[in-house]
Amino acid sequence: MEIAHIIDGSFEGLLTSVFEAYSSRRFPAGICADDGYQLDFGQEQVHIRTDGAKASRVMAGILRKMGAAVYEQAWTAFLSNDATRHIKILRYLALGFQVGRALPDMLAEPAVMDVLELARPVARECNKLLGFVRFSIMENGAQFSEIAPEHNQLPLLMPHFADRLPDVPFVLHDSRRKLAGLHGAGQWRIVVADGLRLPGYSDDELEWRKMWKRYFDALAIEERKNARLQMSLMPKRYWRGLTEMQPAAVGAGCRAALPPESAKLAILQDPPAISL
Amino acid sequence: MAADLMERLGILTGAAKYDVACTSSGASRPGAKGSIGSASAGGICHSFAADGRCISLLKILMTNHCVYDCKYCANRRSSDIPRASLSPDELAELTMGFYRRNYIEGLFLSSGIEKSPDSTMERMIGALELLRRRDRFRGYIHAKAIPGCSEGLVTRLGLLADRLSVNIELPSEKSLKLLAPNKGRDAVIRPMRHIRERIAQSGSELAVFRHAPAFAPAGQSTQMIIGATPDSDFQILRLSESLYRKFKLKRVFYSAYIPIGSHAMLPLGQPPLLREHRLYQSDWLIRFYGFSASELLSEENSNLNLRLDPKCNWAVNNLGLFPIEVNRADYELLLRVPGIGVTSARRIVRARRASVLGFQDLKKMGVAMKRAVYFITCAGQYWRGIRFDEKNICSNLLAGLPQHPDGLPEALGYEQLSLFPGGPPGDGRLDSAGARGAFGALGLGLPDSAAGAQGALAMPGAQAALGAQTALPALSAPGTFATPGALPAPGAQAALAARIEPRASGAILRIAATAAPPN
């Protein structure tokens, strides 16, 4: 009988699943996380208890046998919102344990191509968001931005902004996944954030948005207007967070611009002191 | 913030918008405690303006007052426009305010010339010093070196900025004299040469002392206006080629001329956007694909085909080299296939070590099949239904192409701007071009290659079908193959001799022009 692994949805959980597949010599036909992959009828469910020690052994094995690029590829693919990602990553790594460092070259192998195709849109969206994130500066000096990405981008965005703004406390809120990346005191972490209560904006925050919008409008060359090109490079789903794409009454209609009324969880009242 | 700052921001942005460069690439610098900002090697686009151009930097002039009177420029002395200036302090404040909010990747600072080139440069340096020293800004800075300024100032500017640029503006000296009487050739070339030398010097210092100050680590770029003067694409591309090769420029930008200064000497009408796009495509072919300007164009055929992209155009004119077998062809040869780019060519070379590649694999690797299928075989097979008949392609492509579809006047025999005393520039290929291995030996890229290409088109079909390797000698090449892998194995040769059928007429003409941003 085919088996399916049930994991907790973490990357360590997935690596533990890989470990169990080898130690039990039974490879799952599917891996189900708590986010939606449907089990086939007739599959035996095996619950995998996430185990840091087993996960580290698998990780060390990947790094030793396949190299850091494969590990990174698997990790990026894991951030995809595709519900079949876990089993695809397992098949990818299983092939890797056979062929070793040749793995990333075997692009004609479905297992390799599948993971490439998972990772590609994640990297593409991350690339867009590195530019499209818009911070607001709050009255307490901290910065806030809301995003709603297709894929789980906080683990990729946080190190970038933490490096770029080392002395600035900031919060990056993924409203789609109800997660928040917190940065302060030289460290960052990602926490579950079901609602946010924000401090007010700094006095000149709206003034800065107007300045930016003025700049944005002044830069376009009338004779070269090309709305289609603009839209294909900056798809509409990002506009909500882009202050310059809001109508002239700056910020109105931009959700990221308005402090949510029904806030549940308070963070950012003070620059977060974070320990990891 | 000063009350009229918004107004001045609008004016000085409007005045800077015709400078096309907005890339933030080329410098890689991590953040640092106590500072703000970092630079990412690939550059980051933060927004896209209504014209579809990437916004990466705060692109602005310090002032749009100008003592010069360049005919093509909106800020020329005789132009009746609102004028404004920013103080170094205001400029630093704007940059930091935008940067912290992640609106921008950095600053692109240029300026009109209010009194003299030197005093203008002093003000710009003042602003950059505030940013780098007082505000501890580690983001990207692109600064314009003002033509005619002293070398000491260029040196100071280069130690503060990531990239420097001097705009060449017009591709020939005659055009420059006519339209920019205050900017001589020397005023442009001298700072460019100085920058090149300083960059080289800084590179060798850094090799010895890791903490030596870096001079313009993201290199030097320039810009040319396209369509304001009758200079041909061939002149433009040859100039770009020499700038890349001799001045080690990182980028040459092309800017379709937009009639902003009505003047008897300037054309009116729509900006030649498609021509600009074709020039960018050719520029890419020269920088990344091992092409030389003289392979793409010649004295006789001196303007780019607007209906076909330059790579397709080249391939159709050199059909004798195709089809190539993707499982065996050199990387340099793969790069020459329309529809295969640098990324997909690399993937092919990696993937074929592990297995024999078919068309489906290529598609997944990102090859643009609608273009590539006419020029390749996979394991000896053509794409199903593809007919390889050069006669049709040839007649369809060559039939009545308008010479100057932009409505430009015929070329008036302008001389190319001479940058390099002693010998015409761009007379050959880029030395580093890897394609020399496969193509240099065949005489492609020499002035008479046009004739060779014509000959290839008239070749009997069967010969073409044998693939690049066997067809090549028909070009009356010396017959030497630079790479051992170039000759197919006997068995493979038979496999390559696929049956040729007349291709559907005009199929290749459906290759669509794609619109891409200039940077």
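# Reading the two-chain model

Analyst: Chain B has a secondary structure of 20 helices and ten strands, where helices (H or I, at least four residues) and strands (E, at least two) are DSSP runs, numbered from the N terminus. This is a predicted model, in which local features need pLDDT of at least 70 and side-chain atom pairs count only at pLDDT 80 or more, while totals for chains, interfaces and linings use all residues. Residues are numbered from 1 along each chain as its sequence is written, and chains are lettered from A in the order in which they are written.

User: How do I read burial, and what share of the 519 residues of chain B count as buried?

Analyst: A residue is buried if 20 or more other C-beta atoms, placed from the backbone, lie within 10 Å of its own, exposed if 12 or fewer, and partly exposed in between. In chain B, 51% of the 519 residues count as buried. B:I189, which lies in helix α6 (residues 185–208) of chain B, counts as partly exposed because it has 18 C-beta neighbours inside 10 Å.

User: How is a contact between chains read, and how many residues of chain A are in contact with chain B?

Analyst: Two residues are in contact if their C-beta atoms, placed from the backbone, lie within 7 Å. Here 41 residues of chain A are in contact with 47 residues of chain B. On the side of chain A that touches chain B, α5 (110–132), α6 (154–164), α7 (205–219) and α8 (227–233) each supply at least two residues, and the largest share, ten residues, comes from α7(A). That side divides into 25 nonpolar, three polar and 13 charged residues, with Ala, Val, Leu, Ile, Met, Phe, Trp, Tyr, Cys and Pro counted as nonpolar, Asp, Glu, Lys and Arg as charged, and the others, Gly among them, as polar.

User: How do I read a helix crossing, and at what angle do the axes of α2 and α3 of chain B cross?

Analyst: Axes are lines fitted to C-alpha atoms, for helices over the stretch in contact, and angles run from 0 to 180 degrees between N-to-C directions. The axes of helix α2 (residues 88–100) and helix α3 (residues 117–134) of chain B come within 8 Å and cross at roughly 45°. That makes α2(B) oblique to α3(B), since angles under 35 degrees count as roughly parallel, over 145 as roughly antiparallel, 65 to 115 as roughly perpendicular and the rest as oblique.

User: Which residues of α2(B) make the contact?

Analyst: From α2(B) come B:P88, B:D89, B:L91, B:A92 and B:T95, and from α3(B) come B:R123, B:G126, B:A127, B:L130 and B:L131. By class, this contact has six nonpolar, two polar and two charged residues.
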